[in-house]
Amino acid sequence: MAARIALLKYLRVEARPAQLRNPRLIGGSFSQLFRRQFSDEVRGSFLDKDEVRDRVINVVKNFQKVDPSKVVPNAHFQNDLGLDSLDTVEIVMALEEEFVFEIPDNEADKIHSINLAVDFIASHPQAK
């Protein structure tokens with residue numbers, strides 16, 4: 001039994017990060033130690049806001065119930081473009097297809113204008 005315990009202690013791998021094992025390695029503030037880290041794939045994968053704006057405007061202009069001359073970056077779907085709630089849902093679905101990601105229903109309900117769509121899509125890491 002004693003040999004087993006000694007062997008297990010010998011084979012034990014320390015699971016704590018090096019910063020916690022050796023406080024001298026911290027080299028920054030305590031909050032930096034627990035800062036959320038994103039993988040390289042996610043970090044820097046956000047789309048450029050100008051590119052998103054152009055693509056969103058293009059999607060809205062190509063929507064069959066919209067007069068393309070009324071589409072401007074700050075256009076409201078209902079007030080400026082005359083769309084009803086069902087049309088807004090269809091535009092959000094078209095944006096999902098354009099940017100190849102799913103917009104959750106609770107977020108889709110908040111998108112009432114081109115600017116809101118641009119802000120949401122530009123801040124979403126899965127938008128392509």
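Colleague: How are α4 and α5 oriented to each other: parallel, antiparallel, perpendicular or oblique?

Modeller: Keep in mind that this is a predicted model. The axes of α4 and α5 lie 10 Å apart, and the packing angle is about 130°. Roughly perpendicular ends at 115 degrees and roughly antiparallel begins over 145, so α4 and α5 are oblique.

Colleague: Which residues of α5 does α4 meet?

Modeller: α4 passes α5 in a right-handed crossing. From α4, the residues involved are V52, R55, V56, V59 and V60. By class, this contact has 8 nonpolar, no polar and 2 charged residues. The partners in α5 are I91, A94, L95, E98 and F99.

Colleague: How many charged residues are in the contact of α4 with α7?

Modeller: α4 passes α7 in a right-handed crossing. K49, V52, R53, V56, I57 and V60 of α4 make the contact with I114, A117, V118, D119, I121 and A122 of α7. Sorted by class, there are 9 nonpolar residues and no polar ones, and the number of charged residues is 3.

Colleague: Which element gives the most residues to the largest nonpolar core?

Modeller: That core has 27 residues, and V56, V60 and I114 have the most contacts inside it. Two or more residues come from each of α4 (49–61), α5 (85–99) and α7 (114–122). With 6 residues, the element that gives the most is α7.

Colleague: Against which helices do the buried residues of α7 pack?

Modeller: The buried residues of α7 are I114, A117, V118, F120, I121 and A122. Leaving out residues up to four places away in sequence, I114 touches V56, I57, V60, V71, V72, P73, A75 and F77. Taken together, the buried residues of α7 pack against α4, α5 and α6 (105–108).

Colleague: Is T88 buried or exposed?

Modeller: T88 is found in helix α5. Beyond residues up to four places away in sequence, T88 touches F77, Q78 and I111. A residue is buried under 20% relative accessible area; T88 has 8% relative accessibility and therefore counts as buried.

Colleague: Is V100 buried or exposed?

Modeller: V100 sits in the loop between α5 and α6. Although V100 is not a glycine, its phi is positive, at about 55°. The cut-off for exposed is over 50%; the relative accessible area of V100 is 53%, so V100 is exposed.

Colleague: What share of the contacts between residues at least 6 apart in sequence joins residues at least 24 apart?

Modeller: The secondary structure comes to 7 helices and 0 strands, and the order from the N terminus is α-α-α-α-α-α-α. Of the 128 residues in the protein, 27% are buried. Among the contacts you ask about, the share joining residues at least 24 apart is 51%.

How values were computed: Residues are numbered from 1 along each chain as its sequence is written. This is a predicted model: local features need pLDDT of at least 70, side-chain atom pairs count only at pLDDT 80 or more; totals for chains, interfaces and linings use all residues. Side-chain values use heavy atoms; hydrogens and water are left out. A nonpolar core is a set of buried Ala, Val, Leu, Ile, Met, Phe, Trp, Tyr and Cys residues joined through side-chain atoms within 4.5 Å. Buried means under 20% relative accessible area, exposed over 50%, partly exposed in between (1.4 Å probe, protein chains only). Helices (H or I, at least four residues) and strands (E, at least two) are DSSP runs, numbered from the N terminus. Contact means heavy atoms within 4.5 Å. Axes are lines fitted to C-alpha atoms, for helices over the stretch in contact, and angles run from 0 to 180 degrees between N-to-C directions. Angles under 35 degrees count as roughly parallel, over 145 as roughly antiparallel, 65 to 115 as roughly perpendicular and the rest as oblique. A crossing is left-handed if the near helix is turned anticlockwise from the far one by less than a right angle, and right-handed if clockwise. Ala, Val, Leu, Ile, Met, Phe, Trp, Tyr, Cys and Pro count as nonpolar, Asp, Glu, Lys and Arg as charged, and the others, Gly among them, as polar.
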